[in-house]
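Let's take a friendly walk through this protein together. Keep the picture at hand as you read.

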Amino acid sequence: MNLDPKWTRFVLIVLGVFLLFQAMIAFKELGTPSVAYSTIVVSGEGEVFATPDVASFSFAVSADSKSVSEAQDTVTGKINTILKALDSLGVKEEDIRTTDYSVYPKYHYERNNAIPDGYTVTHSIVVKIKNTAQAGQALAIAGDNGATNISSLSLSVDDDKAVMAEARDKA
């Protein structure tokens, strides 16, 4: 079998370039330590049980009106009533946080045409109750005073660092 010298030269050049790149990659990785040689892996398991001392929940108040200011006044009035009642329950101001305040136009449709029909204002708040025995009362306050959506009740440990440290010690 007789090989064409042009093809032989071409194949040798391509092979040479390939080997050159492989050598460059190998030299580049030569000074980099392998993760397998410089890593210590330790695993453990520690289980700790803690009684929740904080309850939190979210609520929203929404109102529809022909004007933004009317809807805002309605929402603000209901929010202020709820916050005043929560204050009388002992909930501190720093444990109440607004998470969303939005204003959206409302429309009704006639023959595939959107016709403006007023506005919807929504104010969403998250409340932290440091006395979990009062969580039910706080939910009732929000519901009885105009909250249109109450959700995400959760119980947790307020300062979980000590609990985490105990779990790590057991691990």
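## Just past a helix

Just after helix α2, Gly 90 adopts a positive phi of about 105°. Bear in mind that this is a predicted model.

How far apart are the end C-alpha atoms of α2? They are 30 Å apart, which agrees with the 30 Å that its 21 residues should span at 1.5 Å a residue.

Now look at which residues are hidden. In α2, Ala 71, Val 75, Ile 79, Ile 82, Ala 85 and Leu 86 are buried. Seen down the helix axis, the buried residues of α2 fall within an arc of 125°, so they line one face of the helix. The face turned away from that buried side carries the exposed residues Asp 73, Lys 84, Asp 87 and Ser 88. The cover over the buried residues of α2 includes β1, β3 and α3.

## The nonpolar core

The largest nonpolar core has 22 residues, and the members that touch the most others are Phe 57, Phe 59, Ile 82, Leu 86, Val 127 and Ile 129. At least two residues of this core come from each of β1 (54-65), α2 (68-88), β3 (113-129) and α3 (135-144). The largest share, 6 residues, is supplied by α2.

## A look at helix α1

Val 11 sits in helix α1, which covers residues 5-30. Is Val 11 buried or exposed? Val 11 counts as exposed because its relative accessibility is 51%, and the cut-off for exposed is over 50%. Gln 22 lies 11 residues from Val 11 along the chain, and their C-alpha atoms are separated by 17 Å.

Conventions. Residues are numbered from 1 along each chain as its sequence is written. This is a predicted model: local features need pLDDT of at least 70, side-chain atom pairs count only at pLDDT 80 or more; totals for chains, interfaces and linings use all residues. Side-chain values use heavy atoms; hydrogens and water are left out. Helices (H or I, at least four residues) and strands (E, at least two) are DSSP runs, numbered from the N terminus. Buried means under 20% relative accessible area, exposed over 50%, partly exposed in between (1.4 Å probe, protein chains only). A nonpolar core is a set of buried Ala, Val, Leu, Ile, Met, Phe, Trp, Tyr and Cys residues joined through side-chain atoms within 4.5 Å. The expected span of a helix is 1.5 Å times one less than its number of residues. The arc is that of the directions from the helix axis to the C-beta atoms. Contact means heavy atoms within 4.5 Å.
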